[in-house]
Amino acid sequence: MGDQVLLAFIAIAIGVAVGVVLFVPFVAVSYRRRGRLGLGRTLLWLAALIYFWAIWTYTLLPLPDPDTIRCVGAITDPMSVVRDVQKAFAAPGNPLRQPALLQLVFNVLLFVPLGFFVRVLAGRGILVALAAGFGLSLLVETTQLTGVWGVYPCAYRFFDVGDLMTNTLGAVVGCTIALVVPRSMRGSEAKPDADLPRPVTRGRRALAMMCDGLAYFFVSFGAGVAVQLWLEYVVRDREAVLDGSIAAAVGTIAPAGVFLVLILSTGRSIGDIAVQLRYSGSRLPAPFARLLRWAGGIGGLSALALGGGLFDLASSLLILVAIVMLFTTRAGRGLPGVLSDQHLADARASTATTARPPLSLARLPASRRDPQRFPITNA
């Protein structure tokens, strides 16, 4: 039981980690294809990531010591499944207590989520679920047959044709069960109203801030790792690698530079682009307003982080101010909007057709449905 709990924890940890890495692109795709980020669909995708890693952890881990493995062969007789079922029902007592039958049931249940995700997330039917179930099961079984593709001198787990059959059956069953999900909630096709402007809420602005924070972290982390590798393998300065100050400085400057170029050229941060927001309406010259917008966010945070010491406290206070102003300024425009004298609007408002009003204004009189006049709605 302890090993199973550990494997479940590993699968969840890896799935969540991958989900964090893919979060910003996922938000951007969701807003462009569906017009918003739905909590239910987000959780489904996270569940799919965790499930994918669970398949690998449960079928491959724990990896044994090469000196203690016992080489096994392959079970290629498809009728072995039928014989296992017959033996389970022929044995005295409850057949569901027979290990062979329990293993068959588990193999079916293990691939039911795959078929469910195929229909609900990908919008595909039985044939695709069958192919996906067979393909993933074949990949797992082949990995076992080859000793994890040559890592081990021989297979330490059985390649079983019966597993291929039951896994594939599970995917088909899952795809069939997914028919209970309303058709409107299935698939990944773009929604017809995805290009319509929607209300600018504080929740949406908070999501943009979260995306900016993740983007900042990944750019900073990537730049820092690149510098450490350069110092280690090109400059060969072990002392600088251990000191880490150069990597830390570059890791702070790099995301600030990326955000500066992006905001000066487009007026929008990575988070704004992901959730389809834009700042506009300032009485200041556009380049100056954009510079202040950058200084009130990532730019100011990076400058304070470079100072160290008391500046670290100041950077923490800046983050606190940003959170407070999210809830106290109109539509959560925050410190960047206040400094640049700009207001938040849906980025799609300028490109939406006048024949189809924004969803938030659909019930207003026709004379008041101009998205340029009413781009903002408080949450």
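Which residues does Ala208 touch, not counting residues up to four places away in sequence? Keep that one in mind for the first close-up of this predicted model.

**Figure 1. Ala208 and the residues it touches.** Let's start inside helix α10, where Ala208 is found. Leaving out residues up to four places away in sequence, Ala208 touches Gly271, Asp272, Val275 and Leu277. Take Gly271: 63 residues separate Ala208 from Gly271 along the chain, yet their C-alpha atoms are 4.0 Å apart in space. Is Ala208 buried or exposed? Its relative accessible area is 0%, and buried means under 20%, so Ala208 counts as buried.

**Figure 2. Gly213, another residue of helix α10.** Stay with the helix from Figure 1, which covers residues 202–235 and also holds Gly213. This glycine has a relative accessible area of 38%, which makes it partly exposed.

**Figure 3. Phe52 and Trp53, an aromatic pair.** A quick tip before you look: to describe a pair of aromatic rings, you give the distance of the centres and the angle of the planes. A search of the whole structure turns up 7 aromatic pairs. In the pair formed by Phe52 and Trp53, the ring centres are 5.3 Å apart and the planes sit at 80 degrees, so this pair is edge-to-face. The cut-off for that label is over 60 degrees. Phe52 is partly exposed, at 37% relative accessibility, and Trp53 is partly exposed too, at 27%.

**Figure 4. Phe217 and Phe218, an edge-to-face pair.** Here the two rings are 5.3 Å apart, centre to centre, and there are 70 degrees between their planes. How exposed are these two residues? Phe217 has a relative accessible area of 46% and is partly exposed, while Phe218, at 28%, also counts as partly exposed.

Figure 5. Trp149 has a phi near 55 degrees, which is a positive value in a residue other than glycine. Where does Trp149 sit? You'll find Trp149 in helix α8, made of residues 147–150. With 53% relative accessibility, Trp149 counts as exposed. Asp341 also isn't a glycine, and its phi is positive, near 55 degrees. Asp341 belongs to the loop between α16 (334–340) and β4 (343–346).

**Figure 6. Stepping back to the protein chain.** Time to zoom out from the close-ups. The protein chain has 16 helices and 4 strands. Its radius of gyration is 27 Å, well over the 21 Å that the globule rule gives for 379 residues, so the chain is more spread out than a compact globule. Along its principal axes, the C-alpha trace spans about 85 × 65 × 30 Å. Of the 379 residues, 39% count as buried. Now for the contacts: among those between residues at least 6 apart in sequence, 72% join residues at least 24 apart. The chain exposes about 20,400 Å², and carbon and sulfur atoms supply 70% of that area. As for charges, there are 34 positive and 21 negative ones, and their mean positions are 17 Å apart.

Conventions:
Residues are numbered from 1 along each chain as its sequence is written. This is a predicted model: local features need pLDDT of at least 70, side-chain atom pairs count only at pLDDT 80 or more; totals for chains, interfaces and linings use all residues. Side-chain values use heavy atoms; hydrogens and water are left out. Helices (H or I, at least four residues) and strands (E, at least two) are DSSP runs, numbered from the N terminus. The radius of gyration is taken over C-alpha atoms; the globule rule is 2.2 Å times the number of residues to the power 0.38. Buried means under 20% relative accessible area, exposed over 50%, partly exposed in between (1.4 Å probe, protein chains only). Contact means heavy atoms within 4.5 Å. Accessible areas come from the Shrake-Rupley method with a 1.4 Å probe; for residues, only the protein chains shown count as cover. Lys and Arg count as positive and Asp and Glu as negative; His and the chain ends are not counted. The place of a charge is taken as NZ of Lys, CZ of Arg, CG of Asp or CD of Glu. Rings of Phe, Tyr and Trp (its six-membered ring) pair if their centres lie within 6.5 Å; planes under 30 degrees apart count as stacked, over 60 as edge-to-face and the rest as tilted.
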